[in-house]
Amino acid sequence: MRAVIQRAKEAEVRVANKVVGTIGAGLVVFVGVEDEDKEQDVAYLVKKISKLRIFEDDDNKMNLSVQDVKGEILSISQFTLHADTRKGNRPSFTGAAKPDYAKDLYNRLNNLLEIEGIHVETGQFGEHMEVDFINDGPVTILIDSKNK
């Protein structure tokens, strides 16, 4: 599994011009699932996302997690995170998981983040989405469960 994590001041996601998810300060997390991903990949990402210290403390050092600052998460499914661009100019998405399997693991990730005490909003899996947010920093982190 891959996650692109961006620290945000606020964020929202729309489907067909209707807001389906909105957060205040926290993280926008784009999540991609591969066919070979398993429950341990989900657990790894949950631990990393919830504990990642990318918010400033009183000394302006990135030393606090989204849990520490009581931030929220806007979670967006994004199969294009597994694009293979090594050949030609058209990305291949054969590494991305089939929709039913990906949706199960994506939902599991979001449920486990909520169990960690983090409010999670989501887009709509498999739909065309428009995501607006203010990237704070900017801070952008890539996490891949295969690169543990």
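The largest pocket is lined by 19 residues, and S77, Q78, F79, G126 and M129 lie nearest its centre. The model is predicted. The volume of this largest pocket is about 370 Å³. Its lining draws at least two residues from each of strand 3, strand 6 (72-77) and helix 2. The lining residues of the largest pocket split by class as follows.

| Lining class | Residues |
|---|---|
| Nonpolar | 12 residues |
| Polar | 6 residues |

Next, the nonpolar cores. The largest one holds 27 residues, and I5, L27, V29, I49, I73, L109 and L113 touch the most other members. Two or more residues come from each of strand 1 (2-15), strand 3 (26-32), helix 1 (39-51), helix 2 (99-115) and strand 8 (130-144). Helix 2 gives the most, with 6 residues. Nonpolar side chains tend to be buried together in soluble globular proteins.

What does I5 touch, not counting residues up to four places away in sequence? I5 touches L27, V28, V29, I49, L52, I54, V139, T140, I141 and I143. Another core lies apart from the largest one; it has 12 residues, among them V13, I23, L74 and L81.

E121 belongs to strand 7 (residues 119-122). E121 and I23 are 98 residues apart in sequence, yet their C-alpha atoms are 7.0 Å apart in space. Beyond neighbours within four places in sequence, E121 contacts V20, G21, T22, I23, I73, L74 and S75. The E121 side chain also reaches the backbone nitrogen of T22, at 3.5 Å.

Definitions and conventions
Residues are numbered from 1 along each chain as its sequence is written. This is a predicted model: local features need pLDDT of at least 70, side-chain atom pairs count only at pLDDT 80 or more; totals for chains, interfaces and linings use all residues. Side-chain values use heavy atoms; hydrogens and water are left out. A nonpolar core is a set of buried Ala, Val, Leu, Ile, Met, Phe, Trp, Tyr and Cys residues joined through side-chain atoms within 4.5 Å. Buried means under 20% relative accessible area, exposed over 50%, partly exposed in between (1.4 Å probe, protein chains only). Helices (H or I, at least four residues) and strands (E, at least two) are DSSP runs, numbered from the N terminus. Contact means heavy atoms within 4.5 Å. A polar contact is a pair of N or O atoms within 3.5 Å; within protein, one must be able to donate a hydrogen and the other to accept it, and residues adjacent in sequence count only if both atoms are side-chain atoms. On a 1 Å grid over the protein atoms alone, a cavity is a set of points where a 1.4 Å probe fits but cannot get out, and a pocket is an open set with protein on both sides within 12 Å along at least five of seven lines; lining residues have an atom within 4 Å of a point. Grid points are joined across faces, edges and corners, and a volume is the space filled by probe spheres set on the points. Ala, Val, Leu, Ile, Met, Phe, Trp, Tyr, Cys and Pro count as nonpolar, Asp, Glu, Lys and Arg as charged, and the others, Gly among them, as polar.
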